[in-house]
Amino acid sequence: MAWGLGQAWRARLPARCEACGAWPHGPLCPACRAELAPLVPRCPGCALPYPDPDTPCAACRAAPPPWRAVRARLDYADPWDRWILRLKTPTGLGLAEPLARLWLDDPQVAALLRAADGWLPVPLARERLAQRGHNQAWTLMRALARLTAAPPARAQALRRAADAPVLHHLDAAGRRAQEARLLAVEPAAAAWVRGRHLLVVDDVMTTGTTLRAATRALRQAGAASVTALVLARTPPVSADA
């Protein structure tokens, strides 16, 4: 309890901007917010930059994803990759609210939130949850819920398979090979899932494997529809990279 009060007290103090160091504009000054977090139209199928945010890109038309739509607010690039990595540590919890606020700038995100009647985070493996002390997707989702009229949420509607690998060590083909056995609906949450229009929240979308696994597990359990909201999308690798 004392720790929580101390965190709340420190959060109210002026602080330097995490990006440029301006005082007292922490953790993100208005100038850096405008420069580093511009609104970028993105494909509703893969969340990569695309001129028309209401129409899937050619790749998503050719191979439609299982979700109804996915929205990302940022590219997973400097400085946001550093912020998200810090959010995964106990000392970075104070970044959850300023990051969640960035979602609210995007009218496409607002529409996604209005359409959902249930929210849930992508789960962490038990070992990672024990290491970090919190699930960053759930932390971001709770911060967003405090800023909006949130529908019912379920922290543990999905669970990771006990033998599921850590995906960031795998290439795209390796990730896809793990998709079918990655996630499942918790039996205790099956009745809650059935018939709902669900919004799955995560911090970063890389290849979409985890979101596809979550979507398929939820649809198989009877969800009426699934949309996804991520804070950042890994940019595509350039042809000369």
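**Nonpolar cores and local geometry of the predicted model**

Within the largest nonpolar core, which comprises 32 residues, the members that touch the most others are Trp80, Leu99, Trp103, Leu199 and Leu229. Two or more residues are contributed to this core by each of the elements α4, α5 (96-103), α6 (107-115), α8, β5 (197-205) and β6 (225-233). The largest share, 5 residues, is supplied by α5. In soluble globular proteins, nonpolar side chains tend to be buried together. When residues up to four places away in sequence are not counted, Leu199 touches Leu112, Leu113, Ala116, Gly118, Trp119, Leu120, Thr227, Ala228 and Leu229. Apart from this core lies another, of 26 residues, among them Ala72, Ala157, Trp192 and Val193.

The structure contains 1 aromatic pair. The ring centres of Trp80 and Trp83 are separated by 5.3 Å and the ring planes meet at 65°; because this angle is over 60 degrees, the pair is classed as edge-to-face. Helix α4 (residues 80-87) carries both Trp80 and Trp83, which are 3 residues apart, about one turn of the helix. Both tryptophans, Trp80 and Trp83, are buried. A cis peptide bond, with omega of about 5°, joins Asp78 and Pro79. Pro79 is located in the loop between β1 (70-75) and α4.

At the start of α8, a side-chain oxygen of Asn135 comes to within 3.0 Å of the backbone nitrogen of Ala137. The buried residues of α8 are Gln136, Ala137, Thr139, Leu140, Met141, Ala143 and Leu144.

Of the 12 residues of α11, 9 are buried, so the helix is largely enclosed by the rest of the structure. The buried residues in α11 are Thr209, Thr210, Leu211, Arg212, Ala213, Ala214, Thr215, Ala217 and Leu218. Gly222, with a positive phi near 105°, follows α11.

The loop between α2 (30-36) and α3 (58-62) contains Arg42. With a relative accessible area of 5%, Arg42 falls under the 20% limit and is therefore buried. A polar atom of the Arg42 side chain lies 2.9 Å from the backbone oxygen of Ala47. The backbone oxygen of Ala72 is found 3.4 Å from a polar atom of the side chain of Arg42. Leaving aside neighbours within four places in sequence, the residues in contact with Arg42 are Ala47, Leu48, Pro49, Tyr50, Asp52, Pro53, Arg71, Ala72, Arg73, Leu74, Asp75 and Arg233.

Ala47 is also placed in the loop between α2 and α3. Most residues other than glycine have a negative phi, and most peptide bonds are trans. Although Ala47 is not a glycine, its phi is positive, at about 70°. The relative accessible area of Ala47 is 0%, and the residue is therefore buried.

Methods:
Residues numbered from 1 in each chain as written. Predicted model: local features only at pLDDT ≥ 70, side-chain atom pairs only at ≥ 80, totals over all residues. Heavy atoms only, no water. Phe/Tyr/Trp six-rings, centres within 6.5 Å; stacked < 30°, edge-to-face > 60°. Helix = DSSP H or I, 4+ residues; strand = E, 2+ residues; numbered from the N terminus. Buried < 20%, exposed > 50% of the residue type's maximum accessible area, 1.4 Å probe, protein only. Polar contact = N/O pair within 3.5 Å; in protein donor to acceptor, adjacent residues only side chain to side chain. Contact = heavy atoms within 4.5 Å. Core = buried A, V, L, I, M, F, W, Y, C linked by side-chain atoms within 4.5 Å.
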